[in-house]
Amino acid sequence: MTEQQPQAAESETAAPAAPSQAPAEPEPVPEAPKDVAVEKSVIPVPDESKALVLVEKTQEVAEEKPSEGSVNRDAVLARVATEKRLSLIKAWEESEKSKAENKAHKNLSAISAWENSKKASVEAELKKKEEQLEKQKAEYAEKIKNKIASIHKEAEEKRAVIEAKKGEDLLKAEETAAKYRATGTAPKKLLGCF
């Protein structure tokens, strides 16, 4: 039973040194100092007095711990390497995702800029056509006004000619009537119906 007590003490001291969960960041595994391996245990002495004597652990125990520590250290290093690999994969994935998002955003921005420039050029062309049509409309309206003015002028001239002829005809009729009165003769054509 006395031999089992040191082994139980070793298992109790070794159990907290190896946690079951992997640490978030790699932590160095502390090694047991070789020169300070002093644990005391009770070992019965085969004397007749049956006195208890405290005995220091020998190098055997110190040699066992590094072997257990190296196994634990290998497991911890394997976990750390796995975590490092997983974190590198996650960082690469995030980098690739951000590259893809940036590329898509860049392409969408280029398409938006292209669309805006095309819209602007078409709208400018539309305004140009509208201005040309407005100019043509104004020119056509001016031509129509000029035609209306020339028609009105021509009509006025024709009215003036008719008025002048009417005036001449009236004057001629008065002169002829005055001549007939002066001579006492009657006109040959009377009212044009005989």
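The legends below describe several views of one predicted model, starting with the whole chain and moving to close-ups.

Residues are numbered from 1 along each chain as its sequence is written. Because the model is predicted, local features need a pLDDT of at least 70 and side-chain atom pairs count only at pLDDT 80 or more, while totals for chains, interfaces and linings use all residues; side-chain values use heavy atoms, with hydrogens and water left out.

**View 1. The whole chain and its order of elements.** The chain holds 2 helices and 2 strands, which follow one another from the N terminus as α-β-β-α; helices (H or I, at least four residues) and strands (E, at least two) are DSSP runs, numbered from the N terminus. Of the 194 residues, 4% count as buried, where buried means under 20% relative accessible area, exposed means over 50%, and partly exposed lies in between (1.4 Å probe, protein chains only). The accessible surface of the chain comes to about 17700 Å², and 59% of this belongs to carbon and sulfur atoms; such areas come from the Shrake-Rupley method with a 1.4 Å probe, and for residues only the protein chains shown count as cover.

**View 2. Confidence along the chain.** The average pLDDT, the predictor's confidence in each residue on a scale from 0 to 100, is 76 for the chain, and 62% of the residues score at least 70. Confidence is lowest in helix 1 (residues 4–14), with a mean of 46, and highest in helix 2, with 90. Over residues 33–41 the pLDDT stays under 50, and the model has 14 contacts beyond four places in sequence for this stretch, a contact being heavy atoms within 4.5 Å. Residues 53–67 also stay under 50, and for them the model has 23 such contacts. Where pLDDT is low, the predicted coordinates should not be read in detail.

View 3. A search of the whole structure finds 5 salt bridges, each defined as a side-chain nitrogen of Lys or Arg within 4 Å of a carboxyl oxygen of Asp or Glu. One of them joins Glu93 to Lys97, with the closest N and O atoms 3.4 Å apart; these two residues lie in helix 2, 4 residues apart, about one turn of the helix. Both Glu93, at 35% relative accessible area, and Lys97, at 43%, are partly exposed. Lys99 forms a salt bridge with Glu96, the closest N and O atoms being 3.7 Å apart, and Glu96 is partly exposed at 31%. Arg159 is bridged to Glu156 with 2.9 Å between the closest N and O atoms, and this pair lies in helix 2, 3 residues apart.

View 4. An unreviewed UniProt entry annotates residues 119–150 as "coiled-coil region"; UniProt positions are given in the numbering used here, feature names are shortened, and annotations may be inferred rather than shown by experiment. Over residues 119–150 the model is 100% helix and 0% strand, with the end C-alpha atoms 46 Å apart. Tyr140, Ile144 and Ile148 form a nonpolar patch on the surface, with about 310 Å² of accessible area together. Patches are made of residues with over 30% relative accessible area and no salt bridge, with like charges joined within 9 Å and nonpolar side chains (Val, Leu, Ile, Met, Phe, Trp, Tyr) within 5 Å. Ile148 lies in helix 2 (residues 59–183) and is exposed, at 53% relative accessible area.
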